[in-house]
Amino acid sequence: MKVLVACEESQEVCKAFHALGHEAYSCDIQEPSGGHPEWHILGDALEAVKGGSVITMDGQGHEVGKWDLLIAHPPCTYLTVTGNRWFNTGRYGEKAVRRLQLREEAAAFFMAFVNADVCKIAVENPVGYMSTRYRKPDCIIQPYEFGHHARKKTCLWLKGLPALRPTNIVDAGDILPGGYSVGASADSAKDETGKILRWNDPRTAKARSKTFPGIAKAMAEQWGGDARGGMT
């Protein structure tokens, strides 16, 4: 299969599909942290989703034609329910008005992936605005259903794909006061040297947005299959 993983700099999902023999590419406006620039399209994901000829960061061109599968991770900053309090115009005035505008722009970006000309589509986001702005997700998954001791609800809106099935249900691990999950939202983001990053460091959001490897593996296995044996 020819797979585009949009808005993915971690390359977790991209690498999982490559491991099963698929022609997969990640795409983001950021350079990848996954170690494979030769699989990464640096630039606008909405341009990449059109297919045709794409160029990866190593300068190589690839004729992909039409994508077989699109997995998109559009930014959730203005779409998640955790930010709802900041949309109160009575309390936050012009700042809230601006955030409402940014939320609609984020929703339009989300919908561009939903409506892409691809037969199989999965769009991922936390619980939030799109459940009412668009529709309820086709399934909601948790890391602990895929071998990770953590809670982090993730919604999947699907087209031409089955709901993702749990592969290894484990205990959810420790939950701190306030509902923060150790292994996900409660963990301190760290840089490559192990130094703890401040909450407002741009790298913190990047670290927290990475797809859990168990979930990425399940996507590749259940939505792609093992292409090395001829099964797609």
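Are tyrosine 25 and tryptophan 67 buried or exposed? Both residues are buried (under 20% relative accessible area with a 1.4 Å probe and protein chains only; exposed is over 50%, partly exposed in between).

## Basis

This is a predicted model, in which local features need pLDDT of at least 70 and side-chain atom pairs count only at pLDDT 80 or more, while totals for chains, interfaces and linings use all residues. Residues are numbered from 1 along each chain as its sequence is written, and side-chain values use heavy atoms, with hydrogens and water left out.

## Tyrosine 25 and tryptophan 67

The whole structure contains 4 aromatic pairs (rings of Phe, Tyr and Trp, the last by its six-membered ring, with centres within 6.5 Å; planes under 30 degrees apart are stacked, over 60 edge-to-face, the rest tilted). In one of them, the ring centres of tyrosine 25 and tryptophan 67 are 5.9 Å apart and the planes stand at 70 degrees, so the pair is edge-to-face.

Tyrosine 25 belongs to strand S2 (residues 23-28), and tryptophan 67 to the loop between strands S5 (61-65) and S6 (69-72), so the contact ties together parts 42 residues apart in sequence. Strands (E, at least two residues) and helices (H or I, at least four) are DSSP runs numbered from the N terminus.

## Phenylalanine 110 and tyrosine 134

Phenylalanine 110 and tyrosine 134 are also paired edge-to-face, at 6.4 Å centre to centre and 65 degrees between the planes. Phenylalanine 110 is in helix H3 (residues 89-114) and tyrosine 134 in the loop between helix H4 (130-133) and strand S8 (139-141), so this pair ties together parts 24 residues apart in sequence.

Phenylalanine 110 counts as buried at 0% relative accessibility, whereas tyrosine 134, at 28%, counts as partly exposed. Together with Trp157, Phe110 and Tyr134 form one aromatic cluster.
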